[in-house]
Amino acid sequence: MSTENKPVHSSSGAAAPGQINLSTRPLLRAMADNWWVALVRGLFAILFGVLTFVWPGISLLSLVILFGVYSLMDGVVAIYGAITGRKEVSRSSLWWLLFVGITGVAAGIVTFVYPQVTALVLVIFIGAWALVRGIFEIIGAVRLRKEIDHEWLLIFAGFLSVIFGLVLLLKPGAGALALLWLIGGYAIAFGVILVWLAFRLRKLARNAHDG
């Protein structure tokens with residue numbers, strides 16, 4: 001029987017050229033096995049962003065609640081992914097994802113505890129949240145740089161969060177509509193990158209199981 005189209009492995013378990021051997025990349029393997037974490041986070045971000053565009057007359061209270069739900073759900077999913085991933089890698093490998101999750105949960109709780117905030121406070125709060133999350137995302141992307149191709153896109157996602165946060169912190173008094181579009185555009189762009197990452201991780205996981 002011809003093996004022309006079948007992946008070839010060496011006796012040491014190395015993958016054939018063009019394939020990624022997850023057995024030698026534990027951090028990537030942990031994320032690939034939990035690829036749905038990135039997918040869910042990405043879909044939540046896209047949904048949040050789309051709602052800000054299709055609901056341009058949204059009240060401040062509604063925006064606070066919407067942001068609170070998004071950050072809380074994103075944080076919960078990220079924490080779950082970090083905890084389940086620790087079964088396959090050392091505790092220190094996914095700490096950045098754990099902190100991303102804790103930041104999201106904290107942001108969501110604060111918005112629900114203090115829903116009657118002013119627009120300026122809300123903008124500053126979202127900016128600080130994005131800045132902190134972006135820093136941890138960049139750290140995570142750097143840790144993955146030796147295990148996955150196109151890691152620059154993950155680093156870009158982190159820088160996107162940092163730049164978005166800095167813009168909000170430096171220009172918190174900008175027009176309400178401009179800020180709304182900025183927040184929505186950031187959420188959609190970040191969500192698309194996470195969804196892309198999720199399907200890439202899913203493909204790696206499938207190839208590993210098939211191999």
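**Close-up views of a predicted model**

View 1. At 42% relative accessibility, Leu177 counts as partly exposed, a class lying between buried (under 20% relative accessible area) and exposed (over 50%), with a 1.4 Å probe and protein chains only. The structure is a predicted model, in which local features need pLDDT of at least 70 and side-chain atom pairs count only at pLDDT 80 or more, while totals for chains, interfaces and linings use all residues. Residues are numbered from 1 along each chain as its sequence is written, and side-chain values use heavy atoms, with hydrogens and water left out. Leu177 is found in helix 7; helices are DSSP runs of H or I with at least four residues, numbered from the N terminus. Together with Val50, Phe53, Val54, Trp55 and Trp181, Leu177 forms a nonpolar surface patch with about 580 Å² of accessible area. Such a patch joins nonpolar side chains (Val, Leu, Ile, Met, Phe, Trp, Tyr) within 5 Å, from residues with over 30% relative accessible area and no salt bridge; areas come from the Shrake-Rupley method with a 1.4 Å probe. Helix 2 gives the most to the patch, with 3 residues.

**View 2. The largest nonpolar core.** This core has 26 residues, and Phe48, Ile126, Trp129, Phe164 and Leu168 have the most contacts inside it. A nonpolar core is a set of buried Ala, Val, Leu, Ile, Met, Phe, Trp, Tyr and Cys residues joined through side-chain atoms within 4.5 Å. Helix 7 supplies the largest share, 8 residues. Beyond its neighbours within four places in sequence, Ile126 is in contact (heavy atoms within 4.5 Å) with Phe67, Phe164, Leu168 and Ile183. A second, separate core of 23 residues includes Ala32, Val100, Val195 and Leu204.

**View 3. Surroundings of Ala38.** Ala38, in helix 2, is buried, with a relative accessible area of 9%. Not counting residues up to four places away in sequence, Ala38 touches Leu194, Val195, Leu197 and Ala198.

View 4. Salt bridges, in which a side-chain nitrogen of Lys or Arg is within 4 Å of a carboxyl oxygen of Asp or Glu, number 4 in the whole structure. Arg41 pairs with Asp74, the closest N and O atoms being 2.8 Å apart; both residues are buried. Arg41 also forms a salt bridge with Glu137, at 3.9 Å between the closest N and O atoms. Because Arg41 lies in helix 2 and Glu137 in helix 5, this pair ties together parts that are 96 residues apart in sequence. Arg133 meets Asp74 in a further salt bridge (3.1 Å, N to O). Through shared partners, Arg41, Asp74, Arg133 and Glu137 are joined into one network.

Key: Helices (H or I, at least four residues) and strands (E, at least two) are DSSP runs, numbered from the N terminus. Patches are made of residues with over 30% relative accessible area and no salt bridge: like charges are joined within 9 Å, nonpolar side chains (Val, Leu, Ile, Met, Phe, Trp, Tyr) within 5 Å.
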